[in-house]
Amino acid sequence: MRPVSDGQVRKLMEELSKHGKKGLAAMKAGMDRKTAGKYAAAGKLPSELPAPREWRTREDPFDEDWLEVEALLESTPELEAKTVFEVLCERHPGRHEPGELRTLQRRVRAWRAAHGPEKAIVLAQVHRPGEAAQTDFTTTTELAITIAGQLFAHMLCVFVLPFSNWQWATVCLSESVAALRRGVQRALFQLGRVPKYHQTDNSTAATHRIPDGKSVVPDGGRRPFNEGYLAVMRHFGMTPRTTEVGAKEQNGDVESGQGALKRRLEQMLLLRGSRDFESVEVWQAFVDEVVRKANAARGSRVAEDMAAMRELDVAKLPEYVEDIARVSEWSTIRVKHCAYSVPSRLIGEVLKVRLYEDRIEARYGDQLELCCERLVGRNQHRIDYRHVIWSLVRKPGAFARYVYREEMFPSPVFRQAFDAIQTPHQGTKGDLAYLRILHLAASTMQAPVETALAMLLAAGTTITPEAVKGLVTEETRPTVPAMVAPEVDLRTYDALIAEVRP
């Protein structure tokens with residue numbers, strides 16, 4: 001609490017002379033009623049009252065140990081007061097009580113203020129209109145967004161113009177080069193203008209996971225960039241730069257803007273009354289609308305930013321990067337350190353792969369062979385049982401120790417069915433029976449087979465490939481409607497031709 005000033009006491013006396021009401025006078029002077037009573041009774045200003053005491057009301061429990069404390073703090077300034085207290089208790093058992101920790105914390109804080117090392121200062125930055133843009137990623141866990149009822153784990157790529165704090169946010173799945181490219185591109189095409197510099201911190205995909213021999217340090221730069229990131233910068237004509245290591249204030253505008261953006265989104269979600277969205281596209285449109293309204297209130301500084309930037313005069317980049325991958329004898333391809341299965345007829349062939357931020361597409365020639373969600377991280381795998389089931393049926397003995405065995409259970413129902421089959425038929429015989437059922441799902445449709453398995457499990461009936469096939473055939477046999485071929489009267493067309501003739 002701040003001490004009462006002479007000006008406050010003068011205001012108190014002035015109000016008391018007007019109406020004599022102590023409570024009202026104290027409120028207008030900005031002090032407590034009891035404090036007002038003290039100064040009213042004394043009739044003096046704070047500067048005229050006796051100086052505060054300089055003596056202690058009780059003995060300091062750390063006087064005897066203070067030289068030790070100072071030695072510890074001088075040799076290791078990073079030590080916390082609690083750690084110092086624990087050291088003293090070990091050196092002098094029984095001398096100190098747990099309740100004395102707060103006293104030591106106050107003394108250590110006072111010592112650091114008077115004799116401690118210099119602290120790092122946050123250096124406020126001066127921004128020029130249109131000079132640079134800052135980009136950073138932020139998590140959205142606290143927003144608890146769901147897509148069609150399922151929790152949607154994602155991030156936001158936030159793009160900010162520091163001078164005006166104009167910002168744009170793009171939904172992404174990870175902190176990757178693809179996400180950075182998409183976030184920057186969406187922001188620039190929303191602006192229609194391009195700043196001179198683009199700034200990121202040292203933790204983004206722009207400066208990480210660079211293959212040996214492929215690091216590129218731009219002129220005047222200190223840290224290498226990914227070639228993919230540099231290609232984006234060249235396309236839009238921006239000069240990349242990063243913050244100094246540990247100098248978070250250099251990217252402070254975008255980092256502080258992230259908190260404000262998430263608070264604004266939280267408020268709009270509360271007004272909406274639901275955090276569930278039909279699709280990622282609908283959620284992105286919601287984010288765009290919230291950010292667009294916030295930008296509209298930025299005022300004239302946005303106009304200054306726009307006037308200082310050059311016009312965007314290039315086409316959009318494709319939202320993918322291309323790579324090639326050879327299909328292994330496991331019928332898999334490895335893309336960005338993750339494995340994806342493809343049809344076994346492609347073993348030994350080279351596929352052209354398109355890596356989007358959220359999915360991958362693999363083509364053999366012009367034929368699309370695989371389109372699936374992109375895996376996040378390293379050493380992950382996505383194996384489609386339809387790609388490998390034909391080989392497993394021919395070699396059922398390999399199933400027990402197959403590397404991707406768990407991927408051969410497309411749902412809990414299939415797993416329960418496998419366990420039920422293994423009860424009477426342990427080993428390869430049971431494996432073969434299950435693989436034949438899985439083969440049926442691959443050659444027809446998974447849903448009817450799963451329904452048939454659920455029916456057999458519920459009835460407690462022995463599960464065999466024949467029983468499942470019988471249920472699936474009954475359920476999926478189509479009903480062919482009886483159709484009568486209409487008669488075509490060509491005289492109608494003759495009449496039309498006659499009408500258009502001159």
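Visitor: Why is Glu15 called buried?

Guide: Buried means under 20% relative accessible area, exposed over 50%, and partly exposed in between (1.4 Å probe, protein chains only). Glu15 has a relative accessible area of 3%, so it counts as buried. Please keep in mind that this is a predicted model, where local features need pLDDT of at least 70 and side-chain atom pairs count only at pLDDT 80 or more, while totals for chains, interfaces and linings use all residues. Residues are numbered from 1 along each chain as its sequence is written, and side-chain values use heavy atoms, with hydrogens and water left out.

Visitor: Where is Glu15 found, and what does it touch?

Guide: Glu15 sits in helix α1, residues 6–19 (helices are DSSP runs of H or I with at least four residues, strands runs of E with at least two, numbered from the N terminus). Leaving aside residues up to four places away in sequence, Glu15 is in contact with Gly20, Ala25 and Lys28 (contact: heavy atoms within 4.5 Å).

Visitor: What makes Ala296 count as exposed?

Guide: Its relative accessibility is 69%, so Ala296 falls in the exposed class. Ala296 belongs to helix α10, residues 280–296. The C-alpha atoms of Ala296 and Trp166 are separated by 8.9 Å, although these residues are 130 apart along the chain.

Visitor: How do you know that α4 and α6 are oblique to each other?

Guide: The axes of α4 (residues 66–75) and α6 (residues 101–115) come within 12 Å and cross at roughly 55°. Angles under 35 degrees are roughly parallel, over 145 roughly antiparallel, 65 to 115 roughly perpendicular, and the rest oblique. The pair is therefore oblique.

Visitor: Which residues of α4 and α6 meet there?

Guide: From α4 come Trp66, Val69, Glu70, Leu73 and Glu74, and from α6 Leu104, Arg107, Val108, Trp111 and Arg112. This contact of α4 with α6 divides into 6 nonpolar, no polar and 4 charged residues.

Visitor: What makes β12 and β17 edge strands?

Guide: The open sheet has 3 strands in the order β12-β13-β17, with mixed pairing. β12 (332–335) and β17 (381–382) each pair on one side only, as edge strands. Two strands pair if DSSP finds at least two bridges between them. β13 (residues 338–341) and β17 have 2 bridges, in the parallel sense, so they meet that cut-off. Tyr340 stands opposite Arg382 in β17.

Visitor: How many helices and strands does the protein chain have?

Guide: It has 17 helices and 17 strands. Of its 502 residues, 38% count as buried.

Conventions: Axes fitted to C-alpha atoms, helices over the stretch in contact; angles between N-to-C directions. Nonpolar A, V, L, I, M, F, W, Y, C, P; charged D, E, K, R; others polar.
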